[in-house]
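User: Could you walk me through the annotated domain and its sheets? I have the model open beside me.
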Amino acid sequence: MSSHGVHLHVHDRYVVMDNGILQVTLSKPGGIITGIEYNGIDNVLEVRNKETNRGYWDLHWNEPGGKGIFDVISGVTFRVIVETEEQVEISFLRTWDPSLEGKYIPLNIDKRFIMLRGSSGVYSYGIYEHLKDWPGFELGETRIAFKLRKDKFHYMAVADDRKRIMPFPDDLCKGRCQTLDYQEASLLTAPCDPRLQGEVDDKYQYSCENKDLRVHGWISFDPPVGFWQITPSNEFRSGGPLKQNLTSHVGPTTLAVFHSTHYAGKTMMPRFEHGEPWKKVYGPVFIYLNSTANGDDPLCLWDDAKIKMMAEVERWPYSFVASDDYPKSEERGTARGRLLIRDRFINNDLISARGAYVGLAPPGDSGSWQIECKGYQFWAIADEAGYFSIGNVRPGEYNLYAWVPSFIGDYHNGTIVRVTSGCMIEMGDIVYEPPRDGPTLWEIGIPDRKASEFFIPDPDPTLVNRVLVHHQDRFRQYGLWKKYTDMYPNDDLVYTVGVSDYRRDWFFAHVPRKKGDVHEGTTWQIIFNLENIDQKANYKLRVAIASATLAELQIRINDAEAIRPLFTTGLIGRDNSIARHGIHGVYMLYAVNIPGNRLVQGDNTIFLKQPRCNGPFQGIMYDYIRLEGPPS
């Protein structure tokens with residue numbers, strides 16, 4: 001590491017931050033990263049691209065009811081915030097006024113960049129502000145994007161089991177690939193690297209849940225250099241710990257996604273009204289570069305990046321950020337307690353909520369944290385005894401939310417939790433009573449908000465991503481939805497309780513069947529035996545849905561042809577998780593009353609019909625289904 005201090009060089013059109021380890025060049029006053037010099041590489045960013053297409057903040061927005069607008073955020077005012085030998089922080093500010101209405105999103109956006117002495121990287125964060133008198137808008141996405149040199153960076157790492165040599169961007173051009181069912185998925189027919197011949201490339205195969213999305217990036221073999229995007233906290237990301245986002249993909253491209261509608265749809269798009277003030281800090285995130293000596297294994301750079309990521313997580317919240325909008329550690333609060341579960345049909349005693357996700361998020365309804373986009377969220381995982389501690393919480397007003405693996409539903413306490421600077425809130429014992437009316441008669445699946453426990457077929461051998469072969473996330477392979485038609489060309493899935501095994505006999509996605517050039521709705525059956533039916537009581541069917549895309553679930557009992565279903569969800573979901581290999585999206589839970597007089601002694605059949613069939617991706621991924629008997 002260099003003992004060189006941090007120097008800032010300000011020129012007419014550029015500014016350069018230099019700490020002796022790397023030099024970062026940004027346009028002035030735009031604040032676009034045009035170059036990063038490191039370890040003998042004069043620029044790790046793609047020099048063939050225009051300067052505005054190398055390292056930049058961007059967003060996608062629209063006026064209410066208007067068309068979407070993509071915007072690479074360019075500042076209009078440059079300021080030096082801190083300039084010492086220990087640290088440089090610079091600002092690129094774009095302010096809004098009514099003359100810009102319809103052209104730019106009505107936000108003041110302050111992009112900040114920080115370089116520290118001895119640090120092999122650069123930090124960046126953004127302050128977005130909407131004033132009360134400004135017009136409304138909708139925000140679809142905002143992120144930082146980096147486009148690296150395609151002649152250098154060929155190896156990508158997202159996780160220990162998702163890292164590989166990647167295709168060149170040229171491989172996705174006409175003549176080298178075949179576009180599959182959507183434009184992001186391509187079959188490599190004549191790739192530059194012949195070892196990749198016949199593989200599928202799809203950026204959504206590398207998506208990741210926020211809770212696991214801490215570090216990802218690229219490795220150059222000559223010279224051995226790594227480029228990594230590290231996100232030390234999820235507090236500023238939309239949608240909570242389970243929200244899925246893009247990571248790195250062919251380009252070579254690396255993203256730091258703060259907010260997007262992927263795997264959720266328009267329910268994830270915040271709408272800001274005229275008269276609604278708002279301010280949010282996205283980041284800081286850390287762009288880390290590392291290197292190793294020639295002759296050493298360049299893949300060890302991934303291991304080093306993971307170690308660096310853990311160090312950055314430990315440092316959060318950072319002490320060096322020079323903005324009053326970013327509270328330091330001593331200005332934040334902590335909430336702690338214990339979560340217990342009461343389910344008298346499992347245990348007469350309270351059950352510890354071990355492994356529960358417990359969080360503070362803006363006030364809302366049960367489960368609203370899944371689609372919350374405007375504020376901050378703070379989450380912890382309960383220990384074996386159910387104890388949790390949510391630390392480093394920004395001052396503000398929150399509700400307490402939780403969900404517990406192996407139990408359905410969401411815990412929500414609508415009482416306002418007021419976090420103040422330096423506070424320690426003792427929440428004591430909190431009891432969650434999961435939805436239940438009676439004893440379990442039968443169940444299908446595991447209540448974990450995913451469909452990954454169900455049957456996931458092998459991919460078409462001509463449409464494989466080899467890094468995903470024998471992978472624990474088998475669902476990430478391309479085209480698995482098509483296998484339903486192969487397995488059930490004429491008749492639909494039938495599941496017999498007590499005989500069938502959901503791991504083998506329950507297809508992971510309830511999708512349409514393809515017939516020629518069209519699709520048709522499908523109806524699944526659950527056959528179960530009942531004795532001693534209480535004709536005067538209600539039975540309860542609980543259906544937890546892991547994801548839905550422009551789908552509908554109609555439920556009928558013992559009569560598949562009944563004109564009116566016993567229950568219908570209506571049109572639900574815009575997750576698009578089936579096409580994007582997501583295995584889950586926005587969680588939904590439905591409770592259906594089944595009058596006892598609709599059931600018969602002996603075998604009964606529940607018909608689950610998904611009639612929407614305008615395309616192959618309309619469908620449902622179930623999380624868990626349970627039939628409860630009448631209360632005892």
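**Annotated segments and their sheets**

Analyst: Over residues 440-627 the chain is 5% helix and 39% strand, with the end C-alpha atoms 6 Å apart; helices (H or I, at least four residues) and strands (E, at least two) are DSSP runs numbered from the N terminus. This is a predicted model, in which local features need pLDDT of at least 70, side-chain atom pairs count only at pLDDT 80 or more, and totals for chains, interfaces and linings use all residues. Residues are numbered from 1 along each chain as its sequence is written, and side-chain values use heavy atoms, leaving out hydrogens and water.

User: Which residues does UniProt list for the domain?

Analyst: The unreviewed UniProt entry lists residues 353-425 and 440-627 for "domain: Rhamnogalacturonan lyase"; positions are in the numbering used here, feature names are shortened, and annotations may be inferred rather than shown by experiment.

User: And what is the make-up over residues 353-425?

Analyst: Residues 353-425 are 0% helix and 48% strand, and their end C-alpha atoms lie 20 Å apart.

User: What is the order of the five strands in the open sheet?

Analyst: The order is 34-37-43-39-40, with mixed pairing, where two strands pair if DSSP finds at least two bridges between them. Strand 34 (494-496) and strand 40 (567-568) are at the edges with a single partner strand each, so one side of each has no neighbour in the sheet.

User: How many bridges join strand 39 to strand 40?

Analyst: Two bridges join strand 39 (residues 554-557) to strand 40, and the two run antiparallel; Ile555 stands opposite Phe567 in strand 40.
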